[in-house]
Amino acid sequence: MRLLRMFQAVVALTIAVSVSANPSTEPQEESGPAGKAYILSEISPSDAEAYTAYLQQVLPILSRFGGRVVITPFQPKQVIEGRSLEGRIAVIEFPSAEARDAFWASDEYAAVKHLRLENATSRIIHIDP
């Protein structure tokens, strides 16, 4: 139950940071011919407090690279086909693949990435529609 409350706090924090970083509800223009790019993550925190610390540090970095959380961590109702999920799903949108890749390779992200790696099991997928 404690882990569920911590995860709910993480979701609330994610929404708050995403809204404050992108207060406009108007569609944002795509930058460049490549268009938007995404990170799909499946995260299963083993230490919710440490993972919350990771989110508090990573969300402002995402924002600096034009990233925004479009789907906050959620647990799907049911898996229709394939194997069961091992964690909760989040989708992060970037204005371009270049912005996403710059975030992923940045020194700022490298400095906090260990918090996720040490405190959660994750699967990260880069998507270029």
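User: Why is Glu-42 called buried?

Analyst: Buried means under 20% relative accessible area, exposed means over 50%, and partly exposed lies in between (1.4 Å probe, protein chains only). Glu-42 has a relative accessible area of 7%, so Glu-42 is buried. Please keep in mind that this is a predicted model, where local features need pLDDT of at least 70, side-chain atom pairs count only at pLDDT 80 or more, and totals for chains, interfaces and linings use all residues. Residues are numbered from 1 along each chain as its sequence is written, and side-chain values use heavy atoms, with hydrogens and water left out.

User: What makes Glu-42 and Arg-123 a salt bridge?

Analyst: A salt bridge is a side-chain nitrogen of Lys or Arg within 4 Å of a carboxyl oxygen of Asp or Glu. For Glu-42 and Arg-123 the N to O value is 2.4 Å, so the pair counts as a salt bridge. Glu-42 lies in strand β1 and Arg-123 in strand β4 (residues 120–127), so the pair ties together parts that are 81 residues apart in sequence. Helices (H or I, at least four residues) and strands (E, at least two) are DSSP runs, numbered from the N terminus.

User: Which label does Arg-123 get, buried, partly exposed or exposed?

Analyst: Its relative accessible area is 32%, so Arg-123 is partly exposed.

User: How do you know that Asp-101 and Arg-100 form a salt bridge?

Analyst: Their closest N and O atoms are 2.9 Å apart, so this pair also meets the cut-off. Arg-100 counts as buried at 3% relative accessibility, while Asp-101, at 35%, is partly exposed.

User: And what about Glu-86 and Arg-83?

Analyst: Their side chains meet in a salt bridge at 3.7 Å, N to O. Glu-86 counts as exposed at 53% relative accessibility, and Arg-83 is partly exposed at 43%. The whole structure has six salt bridges.

User: Why do Val-70, Ile-71 and Phe-74 count as a nonpolar surface patch?

Analyst: Patches are made of residues with over 30% relative accessible area and no salt bridge; like charges are joined within 9 Å, and nonpolar side chains (Val, Leu, Ile, Met, Phe, Trp, Tyr) within 5 Å. Ile-71, for one, has 34% relative accessibility and counts as partly exposed, and this residue lies in strand β2. The patch comes to about 210 Å², with accessible areas from the Shrake-Rupley method with a 1.4 Å probe, where for residues only the protein chains shown count as cover.
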